[in-house]
Amino acid sequence: MDTLNDLERLEQARQLIDDGKAKAALKILNALYKADEDNRDVIDAVVDALEAAELWSKARTVLLRALSRQPQVPELWIRLAYVFLAEDDQSSSTQAIEKALVANPNHPQLMLERARLAAGRGEREVMHQTLDAAMAAQPDNRVALFIERADLYQSLALTPSEDEAQIKDALGMSCAVVPMQRALRDLAAAIALDPDSWRLHVKRAEVHKRLQEFDAAIEDYDRALACLDEEGESMRAFIEQEREGCGNGGRNEREALANSMREAMKSADGGELNFDDHLANNLVDALAGQYAEGNDMLGLLEEVSDDPNEALALSMAQDILKNAREPFADYQPVAQSDFSAAARAYCAKAEKALSGRGFVTLGDFEPVGLRQVIGKRALVRLFLSQDRQVCAAAYRYTPLKPGFWVWLILVVLRQWRHHHIVELESATRDGRFLVTNNTGKLNPFIDSGASIDILALPPGTGFESLIDAHLARMSAAGGDWADYQDTDGVLAYQEQLRLSKNAYRESIGFVSDAELHTMLGKQYDKFAPKIKKYLQLLTRANASSTSN
């Protein structure tokens, strides 16, 4: 596949996959695949299309054929393992990774996948020994691997067997003691290698809290506070709050119980949340807020009762509050190889277009602080214009099935496609922001106050049109545009934008009636009164937990 025509057809197929037209993409890819069955780019695209169409058996056939000709390629084995998992065949998934390791001993990603699969089967020792071997093979990566194993142990602890020692929190939730203790050992080993990492101390403090070792947790929080760097200063208030919650043996009346309730919420760190997880998390968070403020927690439960519409309205109200109190994003550099081929392809496409207009690529990042909010990991590529007055972010968002935060899609729009988003931002030196993106009606919260001017163009708007529109708006607006300078400057202005947006949302009561109409459409009369009712209840309960 060396001709320009073939490359264009491959790119056309990838675009169709991104647009949710997998079967149309397969019509193009079949010819390319027959012409060159060994071409990795074509194989990846074919499997992407088959996975998007949920044609798992055909995806498996393509990968098995490719592996019969290229058995040494670890990435093909990993993709095959995930296809087996999608078919709920954990045994075959495990066998695929084991075969791959025969051909590629000590391959970093293969060893990591083997450990994760072992943890999924509850085989703790296999998981532990596999990561021991990975550390021996990759001594420079030991900190990350210790963290990975600690996270796996914590996941295992949440499903204790009946015959192992357990500990219960204030809500009666149990976790296995031994896996949590092993997580502590791994975090201690990571801290020994990187003693000045405040994030590691916070992680270990959280494990101590789960084990109700509150004095030890306080010690780690103190160390984290002492280690905070400039970037981490924004987390100081949060860490101090967590430390305070550990006082008096972790049982500071209602607040301690409310914190324990929130800690029991399912985390997105280990993978995607589904819609049921999300509804449950929102209910627990609402109950915790009621209890913390001395309100009637059982009364809220009775209000929701077993009515699914009430439960959905409560969850919508919670999501409106999360949008209005958006947490610190905590952008962290990441390797793009940790994300899907489709996410990488879209970022590459955005980079090609933006670089043609003079933008410089700043790197790949994940907003770790938003992982729980969006329910999954997200790859974000950041860019900066030559004059350093425009920053851009490109990312691919796939709604979880069914729905998740984009519950309005579930209820109203019925859209299940992938969303490709580019956002251009500029700031004035006096604190005003100009934002141009292609989110269209995907985000109903466009009004962000006088200091933030957002233009949401239709989702299909091309890169060139977005850039032209943003530059035209800058020219029309005038103003003393700020110089972003570098990545740190971009992230600093992002934080200013977040704080400004949050303050405006708080000032209008979190959501306007017009936005509810946009979100709910024909469902407005059915859901809007319920949502407003729960917003009143929840804001009274959560008045002390407003995002700073």
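This is a predicted model: local features need pLDDT of at least 70, side-chain atom pairs count only at pLDDT 80 or more; totals for chains, interfaces and linings use all residues.

Modeller: Let's start with residues 74-107, where the chain is 79% helix and 0% strand, and the end C-alpha atoms are 8 Å apart. Helices (H or I, at least four residues) and strands (E, at least two) are DSSP runs, numbered from the N terminus. Residues are numbered from 1 along each chain as its sequence is written, and side-chain values use heavy atoms, with hydrogens and water left out.

Biologist: What makes H5 roughly antiparallel to H6?

Modeller: The axes of H5 (residues 74-86) and H6 (residues 90-103) cross at roughly 170° and come within 7 Å. Angles under 35 degrees count as roughly parallel, over 145 as roughly antiparallel, 65 to 115 as roughly perpendicular and the rest as oblique. That is why H5 and H6 get the label roughly antiparallel. The axes are lines fitted to C-alpha atoms, for helices over the stretch in contact, and angles run from 0 to 180 degrees between N-to-C directions.

Biologist: Which residues in H5 and H6 meet?

Modeller: Contact means heavy atoms within 4.5 Å. Among the residues that meet are Trp 77, Ile 78 and Phe 84 in H5, and Ala 96, Ile 97 and Lys 99 in H6. By class, this contact has nine nonpolar, three polar and one charged residues. Here Ala, Val, Leu, Ile, Met, Phe, Trp, Tyr, Cys and Pro count as nonpolar, Asp, Glu, Lys and Arg as charged, and the others, Gly among them, as polar.

Biologist: And how do you know how H8 is oriented to H9?

Modeller: The axes of H8 and H9 come within 10 Å and cross at roughly 175°, so that pair is roughly antiparallel too. The meeting residues include Arg 124, Met 127 and Asp 132 in H8, and Arg 142, Glu 148 and Arg 149 in H9. The class count for H8 with H9 is nine nonpolar, one polar and five charged.

Biologist: What do you call Gln 485, buried or exposed?

Modeller: Gln 485 has 53% relative accessibility, so it counts as exposed. Gln 485 lies in the loop between H22 (463-477) and H23 (487-507), and its phi is near 70°, a positive value in a residue other than glycine. Gln 212, in the loop between H11 (198-210) and H12 (214-227), has a positive phi of about 60°. At 27% relative accessibility, Gln 212 is partly exposed.

Biologist: What makes E3 and E9 the edges of the sheet?

Modeller: The sheet is open, with seven strands in the order E3-E4-E5-E6-E7-E8-E9 and mixed pairing. E3 (331-333) and E9 (452-456) each have a single partner strand, so one side of each is left without a neighbour in the sheet. Two strands pair if DSSP finds at least two bridges between them.

Biologist: How do you know that E6 pairs with E7?

Modeller: E6 (residues 391-397) and E7 (residues 419-427) pair in the antiparallel sense over seven bridges.

Biologist: Why is E6 described as largely enclosed?

Modeller: Six of the seven residues of E6 are buried, so E6 is largely enclosed by the rest of the structure. Across the chain, buried residues make up 49% of the 548 residues.

How values were computed:
Buried means under 20% relative accessible area, exposed over 50%, partly exposed in between (1.4 Å probe, protein chains only).
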